[in-house]
Each structure stands twice: as structure tokens, then as C-alpha cells.
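Me: Please examine the structure shown below and answer a series of questions about it.

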Amino acid sequence: MLKYIVKRIVEIIPILIVVSILTFLFIHLIPGDPARLVAGKDATLEEVDNVRKSLGLDKPVVVQYFNFMKNLVTGDLGTSLTTGLPVIDMFKTRFMPSIYLTFLSMFWATIMGLFIGIFSAINKNKWPDYLGMITAVSGISLPGFWLGLILIQVFSVSLGILPTGGLDGLSSYILPSITLGAGIMSMIARFTRSSMLETMQSDYVRTGRAKGLKERTVILQHALRNSLISVVTVAGLQFGFLLGGSVVVETVFSFPGMGRLLIDSISFRDYPVIQSSILLFAVEFILVSLIVDILYTVLNPKIQLNT
Amino acid sequence: MKGIKNFIFLFAMIFVLAACTNDDSTDPVNEPTKEPTNSSTAGDNNKSTSEKAQELVIAVNENFISMDPHNTGDTNSNSVQSAMMEGLLGFDAEGQIIKVLAEDYTISEDTLTYVFKLKQGVTFHDGAAFNAEAVKTNIERITNDKSLRLYSRGFNLVNSIEILGDYEIKVTISEPYGPMVTRFASAKMISPKVIKESSDQIPKSPVGTGPYKFSKWVQGDYLSIERFDGYWGGNDRVEKITFKPVSENGSRVAMLKTGEAHAIYPVPAQNQEELSKAKDVTVNSVPSTIARYVSLNTFKKPLDDIRVRQAFNYAVDKDAFLKVVNSGLGEPLDSIITSKTIYYKKQQLYNQDIEKAKALLADAGYADGLEIEIWGNTNSDTMKGMQFIQQQLKQIGVKVEIKSMEEATLSDEIYGAQTPEEAKLKMWYVSWSAYASDVTNATKPLFHSVSFPPNSANTAYYNNPETDKMMDEANSISDEARKTELYANLQDVIYKDAPWIFLGVDEILYGVRSNVSGVIVNPGGGLDVANAKIN
């Protein structure tokens with residue numbers, strides 16, 4: 001297992017190099033001159049040129065790329081073009097809140113999703129099934145910003161029990177995590193349900209029942225365990241997306257996370273921040289898929305990790 | 001079963017970890033003081049007025065970019081800086097120039113020499129003395145570092161800085177430059193100790209002479225400042241102010257309602273009525289220097305014909321524009337500059353007259369109408385504005401095609417053209433704001449022939465040697481009477497030439513809780529919290 005993990009981590013390096021080259025090329029290809037944006041629309045050409053030189057943007061793209069990579073090796077992510085602050089400092093305050101928010105959203109979404117999914121499956125076509133699936137469909141259909149604003153109206157403005165946004169203790173995570181997790185919860189519920197239904201039709205479940213095993217044992221030990229493999233895949237993928245994709249939620253709740261930072265940086269064409277954020281998201285994504293692979297073997301030891 | 005247990009255990013651990021370490025999650029970028037933030041939540045809303053009376057929370061719509069006052073382009077950063085740092089001169093509530101750290105100042109007749117007598121007994125937050133030497137260090141920083149925004153804003157013309165005494169300094173510039181006084185007002189003084197020893201800290205944690213000193217900045221979350229008890233202007237103000245960037249309009253409004261924020265800026269126009277009805281909340285409005293217009297490319301057909309441009313102006317109902325696009329706020333733009341801008345002269349408004357507009361178009365050879373593109377960014381208000389123009393011009397047979405582009409792409413499309421011939425721009429729905437005290441910035445970048453893109457923002461490619469001459473002369477003299485005359489003529493000529501569809505002037509809305517006083521917004525959009533109090 002350890003050998004496998006080390007191998008996977010080493011494999012990350014070439015992937016990151018490719019990702020870094022592609023991002024660097026893409027962000028330089030899209031229209032938009034950071035020097036002009038930093039200098040402002042009332043800036044003169046001379047001022048824009050001064051800014052361009054001071055930011056090192058007058059150098060060829062290849063040189064800029066190598067400078068970026070050279071600094072990256074020493075742990076220096078560069079300096080933001082817009083704020084003039086080291087990118088690492090900007091990440092420090094935003095990375096962990098984003099991670100916690102993602103974990104918290106995933107945590108409750110997984111528990112709730114599994115619960116609703118299992119409950120719906122074992123009560124197929126009865127009212128608990130309909131209730132569960134209505135909840136799931138609602139969770140996936142409500143736009144994040146709308147759900148967020150409704151939650152603010154109810155819990156902050158009307159009831160006054162939770163903050164409207166910002167980051168001030170654990171209570172600040174509650175509404176954003178509900179908003180962010182709603183969609184995932186629904187997806188997990190639906191996958192769990194269909195996967196459970198499918199598994200419950202299979203021979204080994206029938207055999208289990210024929211052997212006289214308790215229904216609870218059949219469902220939890222046999223059906224659920226095998227159903228979980230596809231659920232873990234979906235959850236893992238969603239988790240990866242969540243890490244960088246919580247822009248809407250972060251905006252509604254003025255949550256200081258990575259998603260908003262990336263979007264702001266793209267609108268300013270802040271190359272060092274965009275480049276570093278995307279690399280960070282790539283690392284996270286790869287690590288999450290590694291964890292998913294490991295979870296497969298935990299769930300079903302017959303699945304061998306290819307070392 | 002063991003697998004499931006492991007699975008749930010893993011998540012539970014992560015959850016516990018997240019919950020436990022939550023408060024450390026916001027390692028601040030800069031933290032001179034170790035105390036935690038005190039911003040109130042809705043939950044402790046009721047006790048907030050008594051226990052936390054000395055902390056004011058202000059929610060603004062955008063993030064702060066930098067705390068370096070010599071390199072700031074955005075209004076929000078500038079507002080926070082103004083509470084911490086002061087210039088030799090500054091701005092009053094109307095946006096006009098006042099003396100701040102300068103006891104007095106004189107400008108030579110040729111407008112080349114500026115002599116400042118400085119206030120005595122002023123110290124920076126780090127204990128450094130404010131004197132002529134400190135001013136010299138600051139102006140030298142701006143004039144030597146070409147990457148600073150202020151360098152190109154007049155300070156690139158500085159020839160010499162001479163210390164005349166401990167509290168007297170003379171600055172000479174190489175050529176007359178009208179807005180130099182405004183430039184001095186925006187050049188805030190930073191502690192010379194910081195400039196010399198740790199200039200890399202300036203964008204993160206500035207040190208000035210202002211009524212508040214820097215406390216803590218958690219990027220993207222909040223920035224707080226504390227009262228500076230050694231301030232030369234007394235101490236009758238709130239102890240601490242926390243600024244929070246909250247870009248979502250609905251959330252900002254909710255914060256004011258719950259009392260989580262004592263003031264919010266701006267109040268979205270569509271929420272004005274709702275907030276006015278809310279308990280303990282007041283919505284204030286300020287006429288701004290933000291002009292809204294559609295820039296018409298006077299270099300290209302069909303807009304090279306003055307009759308077409310005037311027809312466009314006569315086709316648009318300005319009051320309807322304010323109602324539809326600006327939620328009924330603001331006033332029609334009745335000159336090339338706003339009424340709050342110095343040397344403003346009201347013009348005869350292009351009142352909507354469809355028949356006249358049609359006649360002008362027919363006269364210009366477009367009796368059957370024409371097709372034209374309008375550009376703008378993807379902002380929803382811009383979209384609404386462009387659709388309004390489309391609907392209005394349709395009445396005179398002009399078919400407008402809307403092309404909305406993300407801001408950076410739009411900027412590239414406009415400033416990418418090296419010559420007027422290359423420009424593809426026909427009409428641009430946009431706004432401009434300048435300091436109320438700076439008529440040069442409200443005119444030269446927009447109407448002077450040297451300001452064609454990419455040089456500057458004359459996107460109407462307005463080219464008139466007569467008005468160029470007026471601007472050049474007005475910019476180089478100190479004779480007030482002559483200046484007033486020149487700017488009056490300039491407004492007469494350009495307004496008639498109609499290089500824009502003149503639309504409206506914005507009104508700025510901001511909301512405060514009724515127990516708060518001293519939070520004001522000036523016409524340029526800057527927040528002034530220097531005298532903020534919670535009663």
C-alpha cells in the first residue's frame with residue numbers, strides 16, 4: 001500500500017508540469033492585459049508600460065514560465081500582480097477555510113445522502129422513498145445562490161441565530177456548508193438508492209436471504225458495502241470539484257475561500273495567483289482520487305491496487 | 001462492516017479536525033496585535049450595542065486590493081487608507097481640496113513651484129516625527145519608483161524637492177500641470193522609517209499619521225483598524241473599525257438589517273425602499289461624480305456625422321433612463337462633466353424629441369435607419385443599460401446589436417487598437433468618475449486628441465484642435481477667471497458636438513444604523529470614517 005501511495009505521489013510531478021504549461025499557455029492566450037487592468041482605465045500608455053515592466057510582463061512568455069517554475073521549486077509562488085502581496089500569504093488565509101468548508105459539506109452530505117439513499121431503496125415505491133427522492137431532487141435543483149439567500153433570510157435576518165456571512169467561528173460554516181452540500185447530498189442519495197436497488201437484485205443477496213440471514217445484515221453488510229463503491233466514486237469526484245468550485249457559495253456568504261480568490265484573479269488576469277491556484281487544485285484533485293482508490297480496497301479487499 | 005466503519009470514522013475525524021482548528025484557520029497575513037476579531041454575529045446581535053459599542057463594522061461591496069497609498073487605484077482601498085494616512089492636502093465632504101498636514105501652501109504664478117508649511121507636533125503611528133524630511137522621503141519614493149500609480153499622475157514632473165526648514169518644503173515641477181493640487185491631496189504620507197527600512201510591508205500594513213492605525217488584515221475576510229490615541233486632531237471617535245468586503249448585495253443588506261454591520265456601502269438601488277422601512281436603519285444618498293454615457297466613435301461612419309450623434313441624443317429619454325436603469329436615482333448628465341466637478345457649467349439638455357431625431361437622421365442620409373453595435377461589460381446593470389439604449393434607438397429606426405464582453409476582454413478589444421483606423425469600437429456603454437476637484441482628469445483623458453486609445457480613454461476619438469487648445473491652456477494657468485471661462489467654453493463646444501450619448505449622473509446610496517454618526521461618503525465614492533461614532 002505504502003509503495004503504491006509513494007508511486008502515485010511521484011506520478012503527480014509530471015502531471016503538474018503538464019498542467020502548469022497548459023494553464024500558463026491558456027491564461028496568456030485569453031484576451032486581457034493585466035498591466036492595463038492593474039493601471040486602471042484612466043491610465044496613460046506610459047503608465048501601463050511602466051506597470052508592465054515592473055511586473056515583468058514585458059518578458060517573453062517562455063521566460064515568464066521558467067521564472068515561475070524556478071521560484072516554485074523553492075516554494076515561492078510569486079507576487080500577486082494586483083495586490084503586490086506574496087501569493088503564499090494570500091493562500092494562507094483562504095486555503096484552510098475552503099478545506100474545512102468542503103470537508104464539512106462533504107461530511108453531512110455523505111451521511112444524509114447515504115441515509116436517504118438506503119432508506120429510499122429499502123422502501124422502494126413507498127412513501128419514505130418518495131419523500132427521500134423529493135428531498136434529493138429539491139437539493140439538486142435549487143440554485144446555490146438562491147438556497148443561500150433563503151437560508152440567510154430565515155436563520156440570520158428572521159431568527160437571528162446564525163451570521164449572514166464572513167468567518168467568525170464555527171457558526172460561520174453552518175449555512176455555507178448546507179448550501180454547498182445540498183447538491184452533493186442529493187447526488188449521493190440518488191446513487192446510493194439506484195446502486196442499492198441493483199445490488200439487492202444480485203445473486204449473492206438472494207443467496208444471503210436464502211441462507212436465512214437477517215434483513216439488516218443483508219442490507220448493511222452485503223448490499224450497502226458493494227453499493228458504496230460507486231457512491232465513493234461519485235463522492236470523490238464531487239469532492240474534487242467542491243474544493244475549487246464553491247464560488248457561488250463563497251460570494252453569497254462573503255466567505256474568504258479559494259474559489260472567490262480564483263475568480264477575482266481571473267477577472268484581473270492576475271497570472272501568478274491563477275497559475276498557483278490551479279496547480280493547487282490539481283494537487284488536491286489528484287490526492288482526492290488517490291484516497292478514493294484506497295477507499296476501494298477498504299470497501300472491497302478483492303480490488304487490488306496496482307503497485 | 002469494518003470498511004464502512006473506517007469510512008465513517010475518516011469523515012468524522014476530518015469533521016472534528018475542522019471544527020477544532022476552526023479559529024486558527026484564518027492565520028492573518030499581518031497581525032501586529034494578537035487579539036481576536038470581535039465582529040458580531042446575528043446571534044449576539046442584541047448585546048452587540050452595549051458590549052461591543054466601540055467596534056464599528058462596515059460592509060463594502062469589493063475586496064481591498066492594497067494598502068499602499070502611492071499605488072492605489074480602487075476606491076475601497078483608498079477609503080480604508082484615508083482613515084490611517086493623511087496627505088499634505090485632502091478632500092472635504094464635497095470632494096474639494098482642504099489643508100490637512102499642511103498648515104498652509106502657496107503656488108507660484110507660473111504654477112511650477114509649490115511651497116508647503118507643515119503642521120507641527122504630528123507623529124506617525126510608529127513614533128516617527130512628521131516634518132519636512134518625512135515629506136521629502138515620501139515624494140522621493142513616488143518620483144523614483146516608476147511602477148507606482150502616483151508616479152505618472154503628476155509626480156513624474158517633479159524636478160526638485162527642497163527642504164526650506166524643519167516644517168517647510170518646496171516642490172518644483174517641470175511643466176504646468178493643473179491637477180497637481182489634487183495629486184498632493186491623494187499622496188498620503190507614510191512613516192519615513194517604514195519607507196527606508198521595510199518598504200515591502202507598505203501594501204500589507206501601512207503606517208501613517210491618521211486618526212486610526214492599522215490593526216489586522218485577513219485577506220478576503222476583513223480589515224480592521226484601531227484608534228490612534230496620539231492623533232493630533234483629538235480622539236472623539238470609535239475605538240475600532242472593521243471593514244468587511246461583502247460582494248453579494250442581498251447579504252450586505254441582510255447584515256445591516258441584523259446589525260452585524262453598522263454601515264453598508266453601497267446600498268443597491270433596488271433595496272433602497274426595503275431598507276428605508278427597516279427599523280433603526282437610515283439610507284443616505286449623495287450626488288456623485290460618476291457620469292454614465294455611451295461613447296460614440298466620432299472617427300467612423302455613421303457616427304462621424306454630428307447629425308447622427310445628436311439624433312441619438314434626442315432619441316433617448318434621460319428620465320426614463322434613470323427610472324429604468326438607475327432605479328429612479330440620480331440626475332440627467334447635462335454637461336460633459338458632473339455638477340459636483342469643479343468648473344461645471346450646465347448645458348441645454350438634449351430632451352427626448354423623436355421627430356427631431358428622425359429628421360436629423362434623414363438629413364444625414366439615414367432615413368431608412370441603420371444598424372450599429374454597442375459594447376459593454378457583462379455586469380447586469382450594464383446589460384440593462386444597453387437594452388434600454390437598444391429600445392430607445394429603435395424608435396428612430398436604429399437597430400442596435402448588443403455585444404457584452406467580460407471586462408478584461410472588453411478592455412483588450414478597446415485598448416488593443418493602436419490607431420483610430422484600427423478601432424472596431426462603435427458605441428461603448430460605460431461610466432467615468434474623477435475627483436470633484438480635478439477637472440483635468442474629467443476632460444483630458446476623454447476628449448483630448450492625445451488621449452486616443454491606447455494612450456488614454458478618448459474612446460469617442462473626439463478630435464477638435466479648438467478644444468485641445470482650451471484644455472492645454474486651462475491646464476497650464478493659475479488665473480481662476482480665465483480657467484472658468486475656458487472650461488465653460490469647452491463644455492459648450494463638446495456637449496453640442498455630442499461625442500457621447502449623455503445619460504445620467506449616479507447617486508451613491510449608503511446605509512447606516514441609527515446609532516451611528518460620522519460615516520460619510522464623498523461625491524467621488526470615498527468613505528470617510530475619521531469621525532465615526534456609535535451613540
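Me: Among contacts in chain A between residues at least 6 apart in sequence, what percentage join residues at least 24 apart?
Reply: This is a predicted model, in which local features need pLDDT of at least 70, side-chain atom pairs count only at pLDDT 80 or more, and totals for chains, interfaces and linings use all residues; side-chain values use heavy atoms, without hydrogens and water. Residues are numbered from 1 along each chain as its sequence is written, with chains lettered from A and ligands numbered from 1 in the order in which they are written. A contact means heavy atoms within 4.5 Å. For chain A, among contacts between residues at least 6 apart in sequence, the share that joins residues at least 24 apart is 73%.

Me: How many helices does chain A have?
Reply: Helices (H or I, at least four residues) and strands (E, at least two) are DSSP runs numbered from the N terminus. Chain A contains zero strands, and its number of helices is 13.

Me: What percentage of the residues of chain A count as buried?
Reply: Buried means under 20% relative accessible area, exposed means over 50%, and partly exposed lies in between, with a 1.4 Å probe and protein chains only. Chain A has 307 residues, and the buried share is 53%.

Me: Is Asp33(A) buried or exposed, and why?
Reply: Asp33(A) sits in the loop between H1 and helix H2 (34–39) of chain A. Leaving aside residues up to four places away in sequence, Asp33(A) touches Val48(A), Arg52(A) and Asp412(B). Because its relative accessible area is 17%, Asp33(A) is classed as buried.

Me: Which residues does Thr233(A) touch, not counting residues up to four places away in sequence?
Reply: Thr233(A) belongs to helix H10 (residues 215–245) of chain A, and it counts as partly exposed because its relative accessibility is 31%. With residues up to four places away in sequence not counted, Thr233(A) touches Val292(A) and Tyr296(A).

Me: What is the order of the strands in the open sheet of chain B?
Reply: Two strands pair if DSSP finds at least two bridges between them. The edge strands, each pairing on one side only, are E4 (102–107) and E6 (158–165) of chain B. Five bridges join E4(B) to the antiparallel strand E5 (residues 113–118) of chain B. The open sheet has four strands with antiparallel pairing, in the order E4-E5-E7-E6.

Me: At about what angle to E6(B) does helix H4 of chain B run?
Reply: Axes are lines fitted to C-alpha atoms, for helices over the stretch in contact, and angles run from 0 to 180 degrees between N-to-C directions. Helix H4 (residues 132–144) of chain B lies across E5, E6 and strand E7 (168–173), and its angle to E6(B) is about 170°.

Me: What is omega for the cis peptide bond that joins Tyr265(B) and Pro266(B)?
Reply: Pro266(B) is placed in the loop between strand E11 (263–265) and helix H9 (272–277) of chain B. The cis bond joining Tyr265(B) and Pro266(B) has an omega of about -5°.
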